[in-house]
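Q: Hi! I would like to learn how to read a few features of a model, one at a time. Could you walk me through them?

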Amino acid sequence: MTECPVHPGAAAIGTCARCGRFYCAPELILLDEKSYCGECGVRDDVDWLGKHYRNFEGRRSGLAWFLLLLGIPVAAISVAALPSTETGGERGLFVGLLVMSVGGMTVMSGQAWSRLVLLGTIPLAAASFVAGTGSPWAAFIAVPGLMLSISTWTDVRTKLFFRRPVERVELRKHFAREGSNPMAIRASRLALLSLFLPGLSVLSLSMGVMALARIDSKAVPPVGNLSVALGAIIFSLVSSLIWLGAFFGISV
Ligand SMILES: [Zn+2]
Ligand SMILES: [Zn+2]
């Protein structure tokens, strides 16, 4: 029996794909069909998807912010409108909207129960719509709320915010969009801003070109976002032309 060099008495069952040392069964870390020893398997450059998970873990997602920014005006309008409602239908509508919007705002807490609260407000809101109007069809007003509620369970970014487990396939897709080639993402944001600020397109264009040069699908982790880099370059060129046209137009 070959013994594990780190865990005396334990049998070695293979060699690490990174450092080549023997590892035993309890410490084995399997990542993308490769086997690593206990030390290598937790390295950021080996488990880069794990690092990506930790980068976003507990950080509020766009969906959470959306529910807050939508919830504040809807709740405010409902509270303001309620005292002057004249029909049962109006009352039912504003009570339902108030209940749903408050439920949605709790998602910002990042607590697991907040998703249940939001889900629980949907039948309450639907019941309020139906009770107010007397028509069972009024329940359908709650459908957008239901869809938002479901997406708090399915949206990968929101799962990261809630520190839920995320399949590596899903995490890989999210990394391809949000984690891979941050230069391309920054270039595309600057390119958009360059429409409002002259001269910025020069910066966004050079960043877009740099991002394009960095793309390497074979690297670990892979560097992608080709379409974002190309989009930034094209957008920067268009923006430059618009600004040049504006200055040229003024000077003539
Ligand atoms: Zn190793
Ligand atoms: Zn071992």
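Q: Which helix gives the most to the nonpolar patch?

A: Some ground rules come before the answer. This is a predicted model, where local features need pLDDT of at least 70, side-chain atom pairs count only at pLDDT 80 or more, and totals for chains, interfaces and linings use all residues. Residues are numbered from 1 along each chain as its sequence is written, chains are lettered from A and ligands numbered from 1 in the order in which they are written, and side-chain values use heavy atoms, without hydrogens and water. Helices (H or I, at least four residues) and strands (E, at least two) are DSSP runs, numbered from the N terminus. Here H10 gives the most, with six residues.

Q: Which helices each supply at least two residues of the nonpolar patch?

A: A patch takes residues with over 30% relative accessible area and no salt bridge, joining nonpolar side chains (Val, Leu, Ile, Met, Phe, Trp, Tyr) within 5 Å and like charges within 9 Å. A salt bridge is a side-chain nitrogen of Lys or Arg within 4 Å of a carboxyl oxygen of Asp or Glu. Helix H8 (182-193) and helix H10 (226-251) each supply at least two residues. Among the patch members are Leu192, Phe196, Leu212 and Ile234, and the patch has about 1100 Å² of accessible area together, by the Shrake-Rupley method with a 1.4 Å probe, where only the protein chains shown count as cover for residues.

Q: Is Ile234 buried or exposed?

A: Buried means under 20% relative accessible area, exposed over 50%, and partly exposed in between (1.4 Å probe, protein chains only). Ile234, found in helix H10, is exposed at 52%.

Q: Which residues coordinate the zinc ion (ligand 2)?

A: Donors are N, O and S atoms within 2.8 Å of the metal (3.2 Å for Na, K and Ca); water is not among the atoms, so sites may look incomplete. Cys4 (SG), His7 (ND1), Cys24 (SG) and Glu27 (OE) coordinate this ion at 2.0 to 2.3 Å. His7 lies in the segment before strand E1 (12-15) and Cys24 in strand E2 (residues 22-24), so the pair ties together parts 17 residues apart in sequence. His7 is partly exposed, at 32%, while Cys24 is buried, at 1%.

Q: Why is the arrangement around the zinc ion (ligand 2) tetrahedral?

A: Four donors count as tetrahedral if all angles lie between 85 and 135 degrees. The ideal angle for four tetrahedral donors is 109.5 degrees. The donor atoms here subtend angles of 96 to 118 degrees, which makes the arrangement tetrahedral.

Q: What coordinates the zinc ion (ligand 1)?

A: Cys16, Cys19, Cys37 and Cys40, each through SG, at 2.3 to 2.4 Å. Cys16 and Cys40 are buried.

Terms used. Four donors count as tetrahedral if all angles lie between 85 and 135 degrees; four count as square planar and six as octahedral if opposite donors are over 155 degrees apart and all others between 65 and 115; anything else is irregular.
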